[in-house]
Amino acid sequence: MKAWYDTAESLKIALAAIKANKSRGVLTTLGIVIGILAVVTTMTAANGLGNTFRENISTLGSDVLYVSRRPWVVTGNFFQFRNRKNLELKESKLLERRLRRAVAINPSSNANRSVKYRSNVMEGTTIIGTTDKHMLMTASTPELGRFITSFDVRFKKRVCVIGSEVKAKLFGNADAINKRMKIGRDSYRVIGVMEQQGSAGFFGGPNFDRQVFTPITSFTKSFGHRNRGFNIAVKAPPEVSLADFEYEVIGEMRKIRKLRPAQDDDFSINQMNQLVSAYNNVMGVIVLIGLVITGISLFVGGIGVMNIMFVSVTERTREIGIRKAIGAKRRAILSQFLFESSTICLIGGVVGLVLAFGVTGLISKFLMPASISLPIVAVAIFVSILTGVVSGLIPAFKASKLNPIDALRYE
Amino acid sequence: MALRITDVSKTYQMGVEEVHALQEVSITIEDNEYVAIMGPSGSGKSTMMNVLGCLDTPTSGEYHLAGEDVSKMNDDQLAEIRNQKIGFVFQTFNLIPRASVFHNVELPLVYGGVAPAQRADMTNAAIGKVALEDRKTHKPSELSGGQRQRVAIARALVNNPAIILADEPTGNLDSVTGEEIMAIFDGLHKAGNTIILVTHEKDVAEHASRIIRLKDGRVESDLVTQRPESRFGEVLA
Ligand SMILES: Nc1ncnc2c1ncn2[C@@H]1O[C@H](COP(=O)(O)OP(=O)(O)OP(=O)(O)O)[C@@H](O)[C@H]1O
Ligand SMILES: [Mg+2]
């Protein structure tokens, strides 16, 4: 309790000192403002990217295994997969017959073609041949019209479902349903428009809004069957763990491909989590670099505060002498200056935070959905106070160690 | 609460030269004594007061305050002694410019850990003793020199310390104001405090019952006046 009274006094002096030197304080806090603004914006941007990514990736389904020739995320030598055979459509049928437990199995293939409606062209669009089962694999659904049906697949219908960006590019605001558009050289009828997935196909990842879905049968007819690789999506039943089910899929695929025990798999099993962890690795490094850079700006701001605190201590040398002469202990003087420096930094931090809210507003308006979360606010506040304490420590320590007589004599 | 310094020396190192501000000074001052310290400029009066007031530590020698060896104490222990046992009045007042009269006087209680309610009572009492009740909210810059010194005295006695030290308390004041200040010290002495003050002025020294003269950092004379009424004649004639 006793310690409390001089602490309250220290806080009072600190606030009075800041009030008395407003313009100096403003200049000093500028470094902290910029530092906190940078830190918060970095973290918010990273968060926003992460959310966009997760939203995008959720299209893949968390309980779906994707069998393909190459892994999605390649570590090491890319060319080791060169000699692998493509997956064939009939392997998908065999797998379906063997994996009775699977909820659904969906073969798909893709190609890049220009799509065209009247004079509107979109180059390099990803055309995906798939089946009605696609709807079981993903969370995304058509916003308008319908998806491909088994009927479309069976009768090789020239119909397509387009992504939101394709719709916007080719049809603008006009109705797309039942319009005929060109995919490559062939004419397809639009039967559905997918809902928007997310704005960014960043890091070269797939942009789900720039895709066009067609029945796999008409796809192979239009774009060829020979040398075409397929991917097989296998939806795991809810009662088994994905890891166990993966063993099952591997086992059946090895049987289908007649691999001897000594032979390595000549196919890869992918799942959403691999992309997530690959993303986390990449993002972790980017965020780290971002934080180091912004940390440097905060450090520079902290140096500015330290400098001002030295000035403050020197200016108040006589006052420190008076306080010590009438019984202020070292801790009381120390806390007086630590309060001053951390309050300066806290004010800077709060201003930085307010600016960061503005910047985040701009980001979410023009770039991607982003918002400042409560933990980020807490971190920003904590970091700014910490910066204040750290940069005030040496000046405060110097003040607390002053000999009362020397301090009183200071002119 | 007797003060006893034994063979106290204070040496300042000025480049290669050593300044001996105090040289093996030994003095004992008993409770409720009224002591004036005199001597020419540079004789070590302030140095001795600072040692007695625990503001400074001697280069060598011992200082016992109420039986406790002060010369072995650390910074914070000395701060506590200054806060609890000693009230110090400076020639240049040494008030905190931004703080009000009330807050200046209250400050030793704040650092002494006295609860706010009790603090206000003690502060008001101390301000009452120097008759500044109507100046409580003023800043030091809004006061006359004599009023400032009264604030400083109120601050020195707010904690009811046994010992009041004053280094030339009237040095910056005219003689009439100086007499007012000395009247306050006389009252404190009557109330039982030990008073030690440094002065150049005979009229001021006249208030004390013992006069210690320093010269070149040594005690030149140490005289006790038996009858306060005739002190002037006896000591200074
Ligand atoms: N911090 C210091 N550094 C160096 N020398 C000092 C210091 N303080 C005092 N001195 C020296 O010590 C000696 C005694 O100084 P002191 O202040 O005690 O004198 P004084 O008797 O109070 O004089 P005055 O009557 O002028 O106030 C002087 O010679 C002074 O120059
Ligand atoms: Mg002096």
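Guide: S108(A) counts as buried, because its relative accessibility is 16% and the cut-off for buried is under 20%. Please note that this is a predicted model.

Visitor: Where is S108(A) found?

Guide: S108(A) belongs to strand β2 of chain A, which covers residues 104-117.

Visitor: And what does S108(A) touch?

Guide: Leaving aside residues up to four places away in sequence, S108(A) touches I128(A), G129(A), T130(A), I216(A), G229(A), F230(A) and N231(A).

Visitor: Which domains does the assignment give for chain A?

Guide: There are two entries in the domain assignment of chain A: domain 1 is made up of 2-56 + 277-409, and domain 2 of 63-270.

Visitor: How far apart do the C-alpha centres of those domains lie?

Guide: For domain 1 and domain 2 of chain A, the C-alpha centres are 52 Å apart.

Visitor: Turning to the ligand, where does ligand 1 lie?

Guide: Ligand 1 sits between chains A and B. It is surrounded by 15 residues, of which the closest are R409(A), S41(B), K45(B), S46(B) and T47(B).

Visitor: What is 2.7 Å from a nitrogen atom of ligand 1?

Guide: That is an N or O atom in the side chain of R409(A).

Visitor: And which residues of chain B come up for its oxygen atoms?

Guide: A polar backbone atom of G44(B) is 3.0 Å from an oxygen atom of ligand 1. An N or O atom in the side chain of H200(B) is 3.1 Å from an oxygen atom of ligand 1. Taken alone, ligand 1 exposes 640 Å², and the protein buries 69% of that.

Visitor: Which element gives the most to the shell around ligand 1?

Guide: α1(B) does, with three residues. In chain B, β1 (3-14), β2 (17-29) and α1 (45-52) each supply at least two residues of that shell.

Visitor: New topic: how many residues has the largest nonpolar core?

Guide: The largest nonpolar core has 68 residues, and I37(B), M48(B), Y63(B) and I196(B) have the most contacts inside it. Helix α11 of chain A, residues 330-366, provides the largest share of this core, eight residues. Another core, of 37 residues, lies apart from it; M38(B), I127(B), M182(B) and I184(B) are among its members.

Visitor: What does I37(B) touch?

Guide: Not counting residues up to four places away in sequence, I37(B) touches K45(B), M48(B), M49(B), I196(B), L197(B), V198(B), T199(B), I212(B) and L214(B).

Notes:
Residues numbered from 1 in each chain as written. Chains lettered and ligands numbered in written order. Predicted model: local features only at pLDDT ≥ 70, side-chain atom pairs only at ≥ 80, totals over all residues. Heavy atoms only, no water. Domains from an automatic or database assignment. Core = buried A, V, L, I, M, F, W, Y, C linked by side-chain atoms within 4.5 Å. Buried < 20%, exposed > 50% of the residue type's maximum accessible area, 1.4 Å probe, protein only. Helix = DSSP H or I, 4+ residues; strand = E, 2+ residues; numbered from the N terminus. Contact = heavy atoms within 4.5 Å. Near = heavy atom within 4 Å. Polar contact = N/O pair within 3.5 Å; in protein donor to acceptor, adjacent residues only side chain to side chain. Areas by Shrake-Rupley, 256 points an atom, 1.4 Å probe, with all protein chains shown as cover.
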